[in-house]
Amino acid sequence: MNLPAANANETDELLAARGITKTFPGVRALDDVQITVLAGRLNALLGENGAGKSTMMNILAGVLPPDAGEIFLAGQPVRFVNPRAAQQAGISIIFQELNLVPHLSIAENIFLGREPRNAVGLLDYARMHRDTRALMAELELDADPRTAVARLRVGAQQVVEIAKAISFNSRVIIMDEPTSAITEHEIKVLFRLIKRLKERGTGIIYITHKLDELAEIADDIAVFRDGRFIASKPFADTTRDEMVRLMVGRELTDLFPKTTTPAGGEMLRVEKISLRHPERAGDFVVRDVSLAVRRGEVLGLFGLMGAGRTELLQTIFGLHPHTATGEIWIEGKPICIRSPRAAIDAGLALAPEDRKGEGLVLVHSVAENTTLACLEKISHFGLLQPARELELVGRYVKRLGIRTPTLHQAVRHLSGGNQQKVVLAKWLATEPKVLLLDEPTRGIDINAKKEIYALVDELARSGLAVIMVSSELPEILAIADRILVLAEGRVTAEFARGAATEEAILRAALPNSRN
Amino acid sequence: MNRKSFTEQLARFQSFLALALMVVALSLASHNFLTVDNTMNVLRQISINLCLSLGMTLVILSGGIDLSVGSVLALSGAVAAGLLKNGLALPRFNLLVQFTMPGAIVAGIAVGIVLGWANGVAVTRFKLPPFVATLGMLSIARGLTMLWTGGFPVTGLGDDFGRLGTGHALGIPMPVWISAVLVVVFIVVTKRTRFGRHLYAVGGNERAATLSGLAVPRIKLMVYTLGGGLAAVAGLLVTARLDSATPNAGLGYELDSIAAVVIGGTSLSGGRGSMLGTVLGCLIIGVLNNGLFLLDVSPFWQQVVKGFVILAAVAADKIGSRLE
């Protein structure tokens, strides 16, 4: 095993995890993986979406218990029952979604849960503010400790998280894509900070998609793929090409037999779709995206987390009428879509990424969910016709192979795959022309995935135009007739089926932080 | 087995069972209970709460709450009574507009509809939490009632109007007829119309409803408007029954109405429940009050018992869903 620890002094090994395995219902998230952090070094953890990086991080931070495997802290085996235990042992984690209490001050956040108290048992604000000021000075953050965290920019909030980690005397700090939401200047500050943390002997695990950043900060890299450990080596001994090659190469255990349909006329065309960032003025989530999809075609949209895939579909579907610009044509006719209702009337359908939060009314039945977007079809003189409803729902349940004891079953009792099929049933019942699918196979088991692939294929054959967003390379290669790659809100590449390779797609999807 | 409707039936069955047990126990304990007169009495007494609770059920199913119904009831009743008795004086034009009975009734209901609509606008347009929006309306409508009446009851409204509250048709009191018709209408509305289905979806998952193309704000606006209108109907019934619109009418009625909805198995988080459950909830509260009265229990104890019934109903519901 080419572990970097092999030639390092044993005492330098701050944190080591070996044989870590974690299974969620239907998914093996981690399978016998390992990672090591050395004192004063930064280990960059790389991998595609779904490689298991987040799960690993959550296990190291005591958020999730591993099913198997061991964690050693400075050579001693440890087992964390909760995040607090991990924190007290010296492991801090800085999540992408920062964990600060917005309306408390910087000092109150840093000392949350272990506030210093004075002789009579009241909070010792003088000491809290003094200590916080010292930390802030060290981290070059020019802010009053009494400032409410909500009033700080994201970059500054991140510094507060790091200050909190330092105040715990953390020997290991785990950072999850820390540069994804901060400005160029803040990135520079962060990198200086990382250098100083390393000089103090802190070990860092750094999760990122931006390979360009690594040259400035990384000492080692570790690559995960499909929940398995692939490689680990000093950063100096690798190249960008090699890293990309290590990250790709996932296999669909059973290759999906795609039928190719001759594409028909153009169904949907969008021109220069842009979406302004909700918070950062002058910044865009989607930038000048133009695309077209034809009858019978499956257009795959690949992008990493934060590439703007979901937002692009939402914009087309009329969910951002006030912050988006661009033009949309359906079957050659220009059309104005400023609400989901208008989108549905125009023949669009969107199966959202967050199935439970956005796709379904979980407490309602299969039947009620299926007909929600097409109630006019089962109404007669304004009254719903239960018999017609059951007939229509029965038809789609059969066509999609939804496994449910009855049509009146609440969808929350169904498996993820069947829930996803109910979402599809709802949209097919509106008889759309264009189907927008956002990560339709996320979190469902392999057999349900195959059923969804077959279904998408069949729908295309029956004359629908399909745009499918996916962050899984093998999936998109198997199912798409054509692939567009998004990175940082822009289209960075287009591949015809057959011309695409995993490496080429991933290379186009990796953001260039220095452009 | 059809699991959703099974649990729903179970919840309904629980309230039904509770009601049946109460009826049996009370008819054994008091021979005055199970008589035609007393039954009509109970039904008439609950008809006011029933009108309010139908509207409250709509609001709660949509994921909201309406605390203003008691005050809206008072203002609607007072406006109808005032217009019927005194007309509307417009000194600037040196004009006195007299109102016929139907005119006064329409005006009263219009007041409820406008106030309900205002609640809806506050919730949908100004994005106020329903609790806060309707709490404001609770105070505003009560204050307006005081202003309109000068703090004194408006009495002497005439026999025609009084019959609305005290009259009978086919031996059944008018308020019972009116509330029964409304019950049927709103059962159909919730179970058999698109609006009803949309309402459940908005309460069950607002985001999913929006993404399915539902006009969520318009649905909510409609819900609060209907709630106001139904409160106005209740206001007219109270006023007609007492032949008097008192400025303190309907004080605290919102709580009885929420209690009936909750006892009837409707979830306060929205999306689940039924009109029929609410009817049972109203009956349970009505029978309870009546029975304790017949048994000569102090009205103060009635309050205590009602409180326990609410807790028991919701606890039973929770246990039921955990068993599932």
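Reply: Happy to! This is a predicted model. Let's start with helix H17 of chain A, residues 502-509, which lies across strands S13, S21 and S22 of chain A. Helix H17(A) runs at about 30 degrees to S21(A).

Me: What is the strand order in the open sheet of six strands in chain A?

Reply: The order is S16-S19-S20-S13-S21-S22 in chain A, and the pairing is mixed.

Me: Why is one side of S16 and of S22 in chain A left without a neighbour in the sheet?

Reply: Strands S16 (348-351) and S22 (490-496) of chain A stand at the edges with a single partner strand each, so one side of each has no neighbour in the sheet. From one strand to the next, the twist averages 20 degrees.

Me: And in which sense do S21(A) and S22(A) pair?

Reply: Antiparallel, over six bridges, with S21(A) covering residues 482-487. For example, Val485(A) has Ala493(A) in S22(A) as its bridge partner.

Me: Which strands does helix H9 of chain A lie across?

Reply: Helix H9(A), residues 309-316, lies across S13, S16, S19, S20 and S21 of chain A. Its angle to S19(A) is about 150 degrees.

Me: Switching topic: which residues have the most contacts inside the largest nonpolar core?

Reply: Leu436(A) and Val466(A), in a core of 241 residues. Helix H10 of chain B (216-242) gives the most to this core, with 13 residues.

Me: What does Leu436(A) touch?

Reply: Leaving out residues up to four places away in sequence, its contacts include Leu313(A), Phe317(A), Leu350(A) and Ile467(A).

Terms used: Residues numbered from 1 in each chain as written. Chains lettered and ligands numbered in written order. Predicted model: local features only at pLDDT ≥ 70, side-chain atom pairs only at ≥ 80, totals over all residues. Pairing = 2+ DSSP bridges. Helix = DSSP H or I, 4+ residues; strand = E, 2+ residues; numbered from the N terminus. Axes fitted to C-alpha atoms, helices over the stretch in contact; angles between N-to-C directions. Contact = placed C-beta atoms within 7 Å. Core = buried A, V, L, I, M, F, W, Y, C linked by C-beta atoms within 7 Å. Buried ≥ 20, exposed ≤ 12 C-beta atoms within 10 Å, placed from the backbone.
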